[in-house]
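Biologist: I am new to this structure and would like to learn how to read it. Could you walk me through a few features, one at a time?

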Amino acid sequence: MASMDFSLGPKKNSLPPLPPEALSKIDTVALHMMPHEVVDELQAFVFAKNDKGVKAAAVNPTDHTLQLYMKEHVGERIQWFAATKHDIALFLRLHIRNFAEEIDKINASGVDAGGNIAKLADMILEFAFREKASDVHIEPLRDKTVIRFRVDGTLRPVATLRKSVHTALVSRFKILADMKIDEFRRPQDGRIEPEHLTNISLRISTIPTMHGEKMALRVLDDSSDYLTLQQLGFSPKQEDILLRQIEKPFGMIVTSGPTGSGKTTTLYALLRLLKKGDVNVSTLEDPIEHSLPGINQIQVNPRVQLTFASGLRALLRQDPDVIMVGEIRDSETSVMAGNAAMTGHLVFTTIHTNDAPSVFTRFLEMKMEDFVVASAVNTVIAQRLVRKICSGCKTEKKIDGIVVKRIKERKDILASIKTHHKMDAQELSEGLFFMGAGCDGCLNTGYAGRTGIYEVLEVDKKIRGLVLKHASVEQVKTAAAKEGFRDMIADGVDKVFAGITTFEEVLRGTRA
């Protein structure tokens, strides 16, 4: 048995691992000694308390902030154990009150008292934060209201409320967001900044539907702005290209992909790498999702004629070095952004296309001159988001026969497997690949968190020549491949073989 180590300054490498039975025998007092947000932030928890002191586990027990917190709020007699991130995730799940049971209690007790509605609203937000939901949907149906969370890109129902609760609940969130509670017929937008949560804010929108107002709450977590390119899922080679490109004094870096594919997060990560002390960086966004220190961020507002085009025109009179245009939606903005990139400005922007080579054709369709496209665009990033395999239940097994059949139907994926991993369809069906078996930590989905699959196209002399000739997307892609360009399907397949994601996710993320 490990010796008792009651101290404030544990030695990380000498700590015993968390006992296997620790998470199944947590006493009530210990469970509530550290709030869930503190557990999540400090990656530590208390799992037992007696007259001798407490037992605590941490991923990094030597962390200075953790030690100060424990001294002030827990005490000095602490026996430390080493925990994994999976242990933390399991503890947080145990720490969560049974959301459905609490909802049932509120439904049963009635909602006439304002306190019940306030409690219900707080519970929804608390549960959303704990589940790391990106969106909360409050949806009125004919005879009930459904609460759904979007977690890792997938919507799932979490609670059903009596229909009589709906109006009061929506009004509660409207009050918090400083919206008009007596306006039901028009869409509204608002924002909530929870005082007890740092780096978290909520963007609220309502829209009238047949059975009442539907409300959507987007959870904005500023901590995601501090992800590195490697943490976002870029390969070392892709990262090298991007680091080289952001050093250029002018030109365009374009991210491409559908809504919700992480384009803006990628641009934020690139902007954070700039040396902002000696450059003037400004952004035009709709909406501003996160606050970026040291950067002038401008919210597009068509109601006062502040569009991407008019805002860009005004920004060019502000002596900018770097400009981020949140999205190119029209020909006027496209032409102005291209001209800005040619006249000494580094321009970051996003556009909607299926892949990187299609960006050139899209710009030409948006009336940007071919010589401007060829000269201005330095780099194109195309991307999708896929779910990562849960580290807590990761296991090796054969691919399901239905998935193998779907891969065979996708000639592009099968070709990538053959080319880069020297495996044919038969070998694929017989091989072992990492998958998530499902556990409490991932809600039995087998997935936890997301990563990007990318293609990064660096524009060279040959590509510029093809753009001037209005070459087809396939011609551009073929020429780029000869220079080492790998598309996002190849990147996704690489991540499957690396045990990061699954073929199911690559199939879902790259479907046309």
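Biologist: Let me start with a helix: which residues of helix α19 (residues 473-482) are buried?

Modeller: First, some background: this is a predicted model, in which local features need pLDDT of at least 70, side-chain atom pairs count only at pLDDT 80 or more, and totals for chains, interfaces and linings use all residues. Residues are numbered from 1 along each chain as its sequence is written, and side-chain values use heavy atoms, with hydrogens and water left out. Helices (H or I, at least four residues) and strands (E, at least two) are DSSP runs, numbered from the N terminus. Buried means under 20% relative accessible area, exposed over 50%, and partly exposed in between, with a 1.4 Å probe and protein chains only. In α19, the buried residues are Val476, Ala479 and Ala480. They span an arc of only 100 degrees around the axis, which puts them on the same side of α19. The arc is that of the directions from the helix axis to the C-beta atoms.

Biologist: Which exposed residues does the face of α19 turned away from its buried side carry?

Modeller: That face carries Glu474 and Lys482. As for the buried residues of α19, what covers them includes α13 (358-365), β18 (447-458) and α18 (461-468). Here contact means heavy atoms within 4.5 Å. Just after α19, Gly484 takes a positive phi of about 105 degrees.

Biologist: Let me try another helix. Which residues are buried in α15?

Modeller: Val403, Val404 and Ile407 are buried in α15. Seen down the axis of α15, its buried residues fall within an arc of 100 degrees, so they line one face of the helix. Gly401, Ile402, Lys405 and Glu409 are exposed on the other side of α15. The buried residues of α15 pack against α16, α17 (425-430) and α21 (503-509).

Biologist: At what angle do helix α15 (residues 401-409) and α16 pack?

Modeller: To read such an angle, note that axes are lines fitted to C-alpha atoms, for helices over the stretch in contact, and that angles run from 0 to 180 degrees between N-to-C directions. Angles under 35 degrees count as roughly parallel, over 145 as roughly antiparallel, 65 to 115 as roughly perpendicular and the rest as oblique. For α15 and α16 the angle is about 95 degrees, and their axes are 5 Å apart. That makes α15 roughly perpendicular to α16. On the α15 side, Ile407, Lys408 and Glu409 make the contact, and on the α16 side Lys411, Ile413, Leu414 and Ile417. By class, this contact of α15 with α16 has four nonpolar, no polar and three charged residues. Ala, Val, Leu, Ile, Met, Phe, Trp, Tyr, Cys and Pro count as nonpolar, Asp, Glu, Lys and Arg as charged, and the others, Gly among them, as polar.

Biologist: And how far apart are the axes of helix α16 (residues 411-421) and helix α20 (residues 488-497)?

Modeller: Their axes are 9 Å apart, and the two helices pack at an angle of about 60 degrees. The crossing of α16 and α20 is right-handed. A crossing is left-handed if the near helix is turned anticlockwise from the far one by less than a right angle, and right-handed if clockwise. From α16, Asp412, Ile413, Ser416, Ile417, His420 and His421 meet Ile489, Ala490, Val493, Asp494 and Phe497 of α20. The contact of α16 with α20 has six nonpolar, three polar and two charged residues by class.

Biologist: Where is Lys367, and what is its phi?

Modeller: Lys367 is in the loop between α13 and α14 (370-376). Its phi is positive, about 75 degrees, although Lys367 is not a glycine. Lys367 is exposed, with a relative accessible area of 61%.

Biologist: Finally, which residues does a cis peptide bond join?

Modeller: That bond joins Asp286 and Pro287, with omega about 0 degrees. Pro287 is found in the loop between β11 (281-285) and β12 (296-299).
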